[in-house]
Amino acid sequence: LAKIERKLPPQLEEERGLLLAQLLMLRSDYAGAAGTLSALPQKGTGARYVRYNLGIALLKSGESKRGTQLLDDIGKESAPTEEYRSLRDRANVALGFSALSDNRPKDARTYLERVRLQSLQASKALLGFGWAADALGDPQSALVPWQELAQRDFGETAVLEAQIAVTYAYAKLGAYGQSLQRYEAAIAAYERESAELNVSIKAIRDGKMIDTLVEQN
C-alpha cells in the first residue's frame, strides 16, 4: 500500500485508506489508524465503514468520547440495507462491551438492546447483556439471555462462554445443585467441541476437507 504513489480514483482511495487503517489497528497503532481514517471522506459510498472504523480506533486509542459519539450515531441511524443493518449491530455491540469494560452496565444494556435478535451479532449481544445485568447485581435477569444463548450452535465462542456463565449465575443465586449439573454439562460440551475440532484439524492436515467440501457442493 505504501508503494502507491499516484492519486487513485475516489472509491479506490477510500478502499486503500480503509485497508491501511485496518492494518495499523492489527499492529495496535490505533492513533495512526485514526489519523488515516480522519483524512478520508466522511460522506459517500463507504462513509459508514470509515466512521465505524474511526470510532473503533478512537475508542482503542483512548479518545472514548469521540469514538463513542461516532459509534452511537451509527448505532441509532436508519439502515436501508441488510449490510448497513449488520454494521449498525456491530457498532452497538462495540459500544456495549466498551461500556462494560468502563464499568457502565446501564449504558451497556442500552446499546446492546438495539441489536437485532436474529442478527450475526446477536450472540455477542446476549452475552454482554447478561454480564451487564450481573454487574447491576441482578443474576436472575442475567440468566434469561444466557439460557437463550446456551441453546445456540456451539460453533460460536459466545455460546461456549454462556455454558459457564449460566452455571455462574445459578451459583450466585444459591442454586448449587443446578449449578453443579450445568458445570458437568458444560465440561461435556467443551470436551465434545474439542474432539470435533481435533477431527477437523486432522481432516485439514490430511487434505480430506477440500474433498468433502467438493462432494457437498
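The paragraphs below proceed from the fold to local detail.

This is a predicted model, in which local features need pLDDT of at least 70 and side-chain atom pairs count only at pLDDT 80 or more, while totals for chains, interfaces and linings use all residues. Residues are numbered from 1 along each chain as its sequence is written, and side-chain values use heavy atoms, with hydrogens and water left out.

The protein chain has eleven helices and zero strands; here helices (H or I, at least four residues) and strands (E, at least two) are DSSP runs numbered from the N terminus. Taken along the principal axes, the box filled by the C-alpha atoms of the protein chain is roughly 65 × 50 × 30 Å.

Two packed helices are described by the angle between their axes and the distance between the axes. Axes are lines fitted to C-alpha atoms, for helices over the stretch in contact, and angles run from 0 to 180 degrees between N-to-C directions. Helices α2 and α3 pack at about 150°, with axes 8 Å apart. They are therefore roughly antiparallel to each other (angles under 35 degrees count as roughly parallel, over 145 as roughly antiparallel, 65 to 115 as roughly perpendicular and the rest as oblique). Their crossing is left-handed, a term used if the near helix is turned anticlockwise from the far one by less than a right angle, and right-handed if clockwise. In contact terms (heavy atoms within 4.5 Å), Tyr30, Ala33, Ala34, Leu37 and Ser38 of α2 meet Val50, Asn53, Leu54, Ala57, Leu58 and Lys60 of α3. By class, this contact of α2 with α3 has eight nonpolar, two polar and one charged residues; Ala, Val, Leu, Ile, Met, Phe, Trp, Tyr, Cys and Pro count as nonpolar, Asp, Glu, Lys and Arg as charged, and the others, Gly among them, as polar.

Val93, Phe97 and Leu100 of α5 meet Lys124, Ala125, Gly128, Trp131 and Ala132 of α7.

Helices α9 (residues 157-172) and α10 (residues 176-205) pack at about 165°, their axes 8 Å apart. These two helices are therefore roughly antiparallel to each other, and their crossing is left-handed. Among the residues making the contact are Leu160, Ile164 and Tyr168 of α9 and Tyr183, Ala186 and Tyr190 of α10.

Where does the largest pocket draw its lining from? Both α3 (47-60) and α5 supply at least two residues each. The lining consists of Tyr52, Ile56, Leu59, Lys60, Arg90, Val93, Ala94, Ser98, Gln121 and Lys124, which divide into five nonpolar, two polar and three charged. About 270 Å³ of space lies in this pocket. On a 1 Å grid over the protein atoms alone, a pocket is an open set of points where a 1.4 Å probe fits, with protein on both sides within 12 Å along at least five of seven lines, and lining residues have an atom within 4 Å of a point. The volume is the space filled by probe spheres set on the points, which are joined across faces, edges and corners.

Finally, the backbone: Ser28, in the loop between α1 (10-26) and α2 (30-38), has a positive phi of about 65° although it is not a glycine. Asn103, in the loop between α5 and α6 (105-112), has a positive phi near 60° and is likewise a residue other than glycine.
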